Number of protein chains: 2
Amino acid sequence: MFKRYLPIFNWLPHYHQRLLGADLLAGLIVTVMVIPQSLAYALLAGLPAVVGLYASILPQLLYTLLGTSRTLAVGPVAIIALMTGAALSSVAAPGSAEYVQAALVLSLLSGAMLMAMGALKMGFFSNFLSHPVISGFLTASGILIAVSQLGSLLGISSSGFTLVERLMTLLPNLSTYNPFTMAIGGGTLLFLVLMRRYGKRSLMSLGVPVTLADLITKAGPVFAVIVTTLVTWYWQLAYREDVAVVGTIPSGLPALSFPWGDVSLWRTLIIPAMLISLVGFVESVSMGQMLAAKRRQRISPNQELIGLGAANLAAGFTSGMPVTGGLSRTVINYDAGAQTPAAGAFAALGIALVTMAFTGWLYYLPIATLAATITVSILTLVDLPMLRQTWRYSRSDFAAMAVTILLTLVEGIEAGIIGGVTLSIALFLYRTSRPHSALVGRVPDTEHFRNVERHDVETVSNAALLRIDESLYFANARYLEDTVYNLVASRPELEHVVLICSAVNLIDASALESLDAINARLKDSDVKLHLSEVKGPVMDQLKKSDFLEALTGRVFLSTYAAWREFS
Amino acid sequence: MFKRYLPIFNWLPHYHQRLLGADLLAGLIVTVMVIPQSLAYALLAGLPAVVGLYASILPQLLYTLLGTSRTLAVGPVAIIALMTGAALSSVAAPGSAEYVQAALVLSLLSGAMLMAMGALKMGFFSNFLSHPVISGFLTASGILIAVSQLGSLLGISSSGFTLVERLMTLLPNLSTYNPFTMAIGGGTLLFLVLMRRYGKRSLMSLGVPVTLADLITKAGPVFAVIVTTLVTWYWQLAYREDVAVVGTIPSGLPALSFPWGDVSLWRTLIIPAMLISLVGFVESVSMGQMLAAKRRQRISPNQELIGLGAANLAAGFTSGMPVTGGLSRTVINYDAGAQTPAAGAFAALGIALVTMAFTGWLYYLPIATLAATITVSILTLVDLPMLRQTWRYSRSDFAAMAVTILLTLVEGIEAGIIGGVTLSIALFLYRTSRPHSALVGRVPDTEHFRNVERHDVETVSNAALLRIDESLYFANARYLEDTVYNLVASRPELEHVVLICSAVNLIDASALESLDAINARLKDSDVKLHLSEVKGPVMDQLKKSDFLEALTGRVFLSTYAAWREFS
C-alpha cells in the first residue's frame, strides 16, 4: 500500500554508499548541463529565464518522491514550453505580470488534471494520441521552434505561434540583423552541430576513453555557454554592440505563489492545459518505459500521472511553468550513471544552490547561445524519413500524420493535435465500417480454413462459410446484412450460411438487431444460418438475448465441425 | 445507366392494366388517409396547415421518378416535423413570414445535403446512428410530441421544444382549458385507441372480411375527422365556444418559391439540416428495406439519397417543409395494395386535386382532432420494453440509449442525437482500447485451439499461444505491449510467444511500432516472437514494412503448425 503510493519506499530502504556515489556524480553533471536548457525553454515560452530554474527544483523533488521511473528527470521541456507560450499569448501580453501569472495557472490546471487522471486510472486516455499524430506533431513543433529561434540567432525580434505569424514578423526586419549576435549564434550553432556529428569520434581517435569522450561531447553546450559568456563580458558586447544577454536574474529561491486569477482565465486555459498534460504525459511515459525496459524495470503509467501531476502543482506554487519528463535532461541523467531517483533530487538541490548564489555568473550569457542550443536539440525531433515510411505502410496513417503537421504549422498546436486525433478516430471508424469478409474453404487434409480467392482450398456447394473480419457493431451492422443478402442472392443453391466469428470480438445491440433480421430473412428463403468459433465473451453476451433461440441453425465450436456436417 | 439513375425505367415499361387498377385504388385510399396527417404534421412544426398538403405533392412525384422503393410514400412525418419546429423556433417567431421562409431554406439545405451524400455514395454515414441511439431518440421524440399535443387537446396554448419548456408553458394555464375542445380531443383519442386495439377484432367477429376490417380500422382517423368536423360545423363551436379549427386554407396549387434569405440564416440551419437529413434518411431507408425484403425486392441506399434529396428540394421550391418516407403513410400505401411507385404519384395528384378544389371542406376540422391523431400514431414510437432488453444485453448500449433519451427530453433534439452518437463512438473506442486476449491450448485430438480458462485443453510449457481478440491500432497498441511483457515476466521458462492473429483485422502504424518494440524487447530476453493465422490483407500490409525481416520467429499459417513445432 505504502510502496504503491509512495514509490520512494521501493528503493530508499535499500540505499547504500555505492549508489550514493553514482547518484551524486550524476546529479552534479545534470545540474551543470540543464541550467542553459532550463533558461532557454523559459525564454521559448516567453517567460523570464529564471522561471526555467524555479521549475527545475521543487517539481523534480516531488517527482522523486512520487514517480516510478528511476532515471526520469523532470523540468521544462521544449515542446511543452512551445505549447505554454502559444496558450499564454492568447490571454496576456508576453513580458507582462499577467503572462507570468497565467503560466502558474496553466501549471496548476495541468497538475490537477494529471492527478485526477492518475486517481481515476485514466492513463489509457493518452493512447488516443496515435503514433503518426505524435510523430507528425513533434516534426511540426521542431520546425516551429527552429523558426522561432531564428530571430534570437540573428538579433531580430519576432513573435507569434504559427509558422505564418513567425515569418510575417521576422522577414520584414531581416535587414536589421545584429552582426555580433549573428556571429555568436551562428558560431555556437556550427560548433554544436560539429560536436554532435564528429565530437565523440574525433576525441576517441585522439585516444580519449569512450565514456569520457561521450561526456565531453554531451557537455558541448556547457563549453559554448562558458566561452560565449566570457567573450561577451570581455568585450562588453551587451553595451557596446547591443547583443541581447540573459541579464539580471533575481537570486534566491522562488517565493511561494498563489495564482488565483479570475474564472474566465481558468476557463480559457482548460483546453490548452488538457493538451499540455496529454502531450507531456505521452513524452514522459514513453521515455520512462524505454529506459525502464533497458534495465528490466517497470514503471506504472497511472502512478506516473500522480508524480507528474504533483510536479506541475509544485511548479504552479513556486513561480515555475508546466513541466514534464524531458528527453534530453533524462538522457543526460541516465548516461551520467544515475541509479535511483536520488540523482534527480541531487540535481534539483544543485540548481537550487545556483539559484541562491550564482545567478550573477549568468548575466552576460547571450540569448543567441541559448537559441543555438535549443535549435540543435530540437532538430532531432524532425523526422522526415518517418513520413516516407508511413506513406509506404498505410495511407490512412499517413493522412493523419500529414494533417497533424499541416494544421500545427498553419493553424497552431491545438488545431494540429485535435485535428490529428479526430482524423485518426474517423479513419479507424471508416475502416471498421466496411469490414473485410471472405468466403473460406478447407486447406486439404487439415482442419484449417482460408480465403477461397487466395488459397487452393476445398468447398461445398450447398453451404457458404463466410468469415467476418471485424467486430460487429453499429457502424457495420447494415453492411453485414448487405454482404449476406448479396451472397444468398448470387447462389440460389445455398441451404446453409455459416458465419465464422473467429474475428468477431463484440456484437453490440445494433448488430444483434441485424443478425436477427438476417436470420429471419434467410428463414423466409429456406436458408439456415449457423455460427462457428464464437468466442467466450461474445457467446456469454448472446445468451442474454433471444437470438440463440430464434437461430434457425446451430452454433459450431469449430469451423471444421460445421464442414463435417455439410460435406 | 439510364435505369440506374432513373429507377422509374425499371418498372414503367412493364406497366399494365392490372397494376394500374391496384395502384389507382391505393392512391385513392392514401389521398383520403394522409390529408389529416399532413395538416397535423405541418401544425406540429408550427407551420400553416396547408404547408403539409403542399409538401405531399411535388416531393412525392419526384420520389416516384428517382426513388428505388416501390411502396415508400414521401411527405411530412412526425419526427421530422418536430425537428423542423425545433430548428425554426430558434431563428424566427412561429406564425411569422420569416418562419415559413426558414422552413423552405431548411428543406433546400436538407435536399442539397441528401443529394450530395448520394452523389458521393456516403449512405454509410447513416450507420453511425446506432440502433440504441435511434430507438432512444424515437422514444424521447414520441414523449415530446405527445406532450406538445396536450395543449391542443385541452385548448391551452403551449410552446417550446424541450420537455421542461413545454411543461412550463402548459401547467400554469391548465385551468384555462376549453371543455368543448377537451371533449372533442378526448373523445377522438379514446375512439382511436379503441379502434386500434379492438376495431379489427370486433369487426371480424361481426362477420366483416379480414381485409375490409383492416381497412376500416385504419380509416379510423378519417371517420373521426368527418364526425368532429360535422359536429363543430353544426353547433358552430368555433364561434360560439371558441374551439380552435383549421380555418381558411388557401385553395390552389402552391406558387413556386425561391427562399434565399440571408447568409447567417443558412449558416444557422446547417447543423439542424444535417440531422434532419440523417434521421429522415435512416427512417426512410430502414422502412424501405423492410418492405422491399417482404416482396424480395432490393433498394439502393445511395439512390434513395438522391430520391429523398430531390423530394426535399421540390418541397423547398413549392412552399413545403422537410419531408421523408413516412412510416404511417407508407404502411397505408403498402396495405392498400400499391404495386409500383405509380400509386404514390396518384396519391400526390389526389392531394393536388383536394388542394385546388376542396380545402373549404376542411374549415371546421378541429385542431384537437388532429392532435388526437398525432398522439395516437406517435405513441407507437415509444418503446419502453426496448430499454429493458437493451439493459439486459449490454450496459454500454443501454448507456447510449439512456443518454439519448435524457438529452433529447432535457436539452432538445440536436443535443440528444449528437450526444448519443458521440457516446456510442466513445464507448466503442473504449471497449476496443482494452482488448480481450486469451492464452489458448489445443482441444485434444483436434487442430482447434481454445481459451485455457474456459476449456479443457493441452498446453506446452516453453511456448505461450496468445490469441489477441481485437484489431491492433493506436488505442490499444500500448495495452498489447503490457499484456505481452506481463506474460513473459510471469513465466520465466518461456522461449516462444506466438501471437494468434485470427481476430486481428488491421495493424496500423502505431501498432506496428509496438510490435517492433515487443520483438526487440523479447529478443533481449531470448524469447522468440512468432505470429500465426495472419490474414491476407494484414500480411500484405506487413510486407510493406521492415517488421517481417526483424521478426525473431516465424509466421505460421495455422496455430496447429506452430503447436507441432513446439510440442
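The following paragraphs describe a predicted model, moving from the relation between its chains to a helix pair and then to a single residue.

Within chain B, attention turns to the packing of two helices. Helix 6 of chain B spans residues 78–89 and helix 7 of chain B spans residues 97–119. Their axes lie 10 Å apart and form an angle of about 120°. Because angles of 65 to 115 degrees count as roughly perpendicular and only those over 145 as roughly antiparallel, helix 6 of chain B and helix 7 of chain B are oblique to each other. The crossing of helix 6 of chain B past helix 7 of chain B is right-handed. On the side of helix 6 of chain B, the contact is made by B:Thr84, B:Gly85, B:Ala87, B:Leu88 and B:Ser89; these meet B:Tyr99, B:Ala102, B:Ala103 and B:Leu106 in helix 7 of chain B. Six of the residues in this contact are nonpolar, three are polar and none is charged.

Elsewhere in chain B, B:Arg388 lies in helix 20, which covers residues 384–393. B:Arg388 has a relative accessibility of 57% and therefore counts as exposed, the cut-off being over 50%. B:Thr188 is 200 residues away from B:Arg388 along the chain, and their C-alpha atoms are separated by 32 Å.

Notes: Residues numbered from 1 in each chain as written. Chains lettered and ligands numbered in written order. Predicted model: local features only at pLDDT ≥ 70, side-chain atom pairs only at ≥ 80, totals over all residues. Heavy atoms only, no water. Helix = DSSP H or I, 4+ residues; strand = E, 2+ residues; numbered from the N terminus. Buried < 20%, exposed > 50% of the residue type's maximum accessible area, 1.4 Å probe, protein only. Axes fitted to C-alpha atoms, helices over the stretch in contact; angles between N-to-C directions. Parallel < 35°, antiparallel > 145°, perpendicular 65-115°, else oblique. Left-handed = near helix turned anticlockwise from the far one by under 90°. Contact = heavy atoms within 4.5 Å. Nonpolar A, V, L, I, M, F, W, Y, C, P; charged D, E, K, R; others polar.
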